[in-house]
Amino acid sequence: MTKKVSITIDSTQTVDGESDKTELFTVGILEADADGYKLCYDESEATGFEGSSVTVKLLPDSVTVMRTGKAVSTLIIERGKKHHCHYGTEFGDFLIGVNTDEIKNNLTENGGEVYLKYTLDINSSLMSENEMRINVKEYN
């Protein structure tokens, strides 16, 4: 099953008590496979990663976000585990730690929502606390 979908991503990043909220609206592809779902979409100028593509692999206990193209990165958000992930930006690449607090995934082939709450660290020093809601609807 593969279908065109509307994707809304609401993110809140908190650094030193200061929160920054962003919202992204885009169109992409939702694909089901034996393990779960995959969302694919292209980045835009609004995100600062124009020329990159994103694939979000959604499994029951983990979410992997892979960016390819202009910027290359992989974030593994998995319940109960800490991952060290490569993160590429226009300013350079670095290794970050990802600790997951919560994953709620009610995505089906008809759409749904995924909620993620996690922290990022560099050299074991807290960089940010993050919350993300990914809402997927059939494209009209």
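Colleague: How many disulfides are there, and how do you know?

Modeller: This is a predicted model, and the count by the distance rule comes to 0 disulfides. The sulfur of C85 is 18 Å from the closest cysteine sulfur, in C40. A disulfide needs the two sulfur atoms within 2.5 Å, so the C85 sulfur is too far away for a bond. C40, likewise, is in no disulfide.

Colleague: On to the rings. How many aromatic pairs does the structure hold?

Modeller: There is 1 aromatic pair, made by Y87 and F94.

Colleague: Why is the pair of Y87 and F94 called tilted?

Modeller: Their ring centres are 5.8 Å apart, and the limit for a pair is 6.5 Å. The planes are at 50°; stacked would need under 30 degrees and edge-to-face over 60, so the pair is tilted. As for F94, its relative accessible area is 29%, so F94 is partly exposed.

Colleague: What makes you say that the charged end of K4 sits over the ring of Y139?

Modeller: The charged end of K4 is 4.5 Å from the centre of that ring, and the distance cut-off is 6 Å. There's an angle condition too, within 35 degrees of the ring normal, and K4 is listed as sitting over the Y139 ring.

Colleague: Where is N130, and why is N130 called buried?

Modeller: N130 is in strand β10, residues 125-138. Its relative accessibility is 7%, and the buried class is under 20%, so N130 counts as buried. The N130 side chain also has a polar contact of 3.0 Å with the side chain of S128, where the cut-off is 3.5 Å. Further along the sequence, N130 touches T12, Q13, L116, K117, Y118, T119 and L120.

Colleague: Which residues have the most contacts inside the largest nonpolar core?

Modeller: Those are L39, V56, L58, L116 and I134, in a core of 27 residues. Strand β9, residues 111-122, gives the largest share, 4 residues.

Methods
Residues numbered from 1 in each chain as written. Predicted model: local features only at pLDDT ≥ 70, side-chain atom pairs only at ≥ 80, totals over all residues. Heavy atoms only, no water. Core = buried A, V, L, I, M, F, W, Y, C linked by side-chain atoms within 4.5 Å. Buried < 20%, exposed > 50% of the residue type's maximum accessible area, 1.4 Å probe, protein only. Helix = DSSP H or I, 4+ residues; strand = E, 2+ residues; numbered from the N terminus. Polar contact = N/O pair within 3.5 Å; in protein donor to acceptor, adjacent residues only side chain to side chain. Contact = heavy atoms within 4.5 Å. Phe/Tyr/Trp six-rings, centres within 6.5 Å; stacked < 30°, edge-to-face > 60°. Lists of a residue's contacts leave out its neighbours within four places in sequence.
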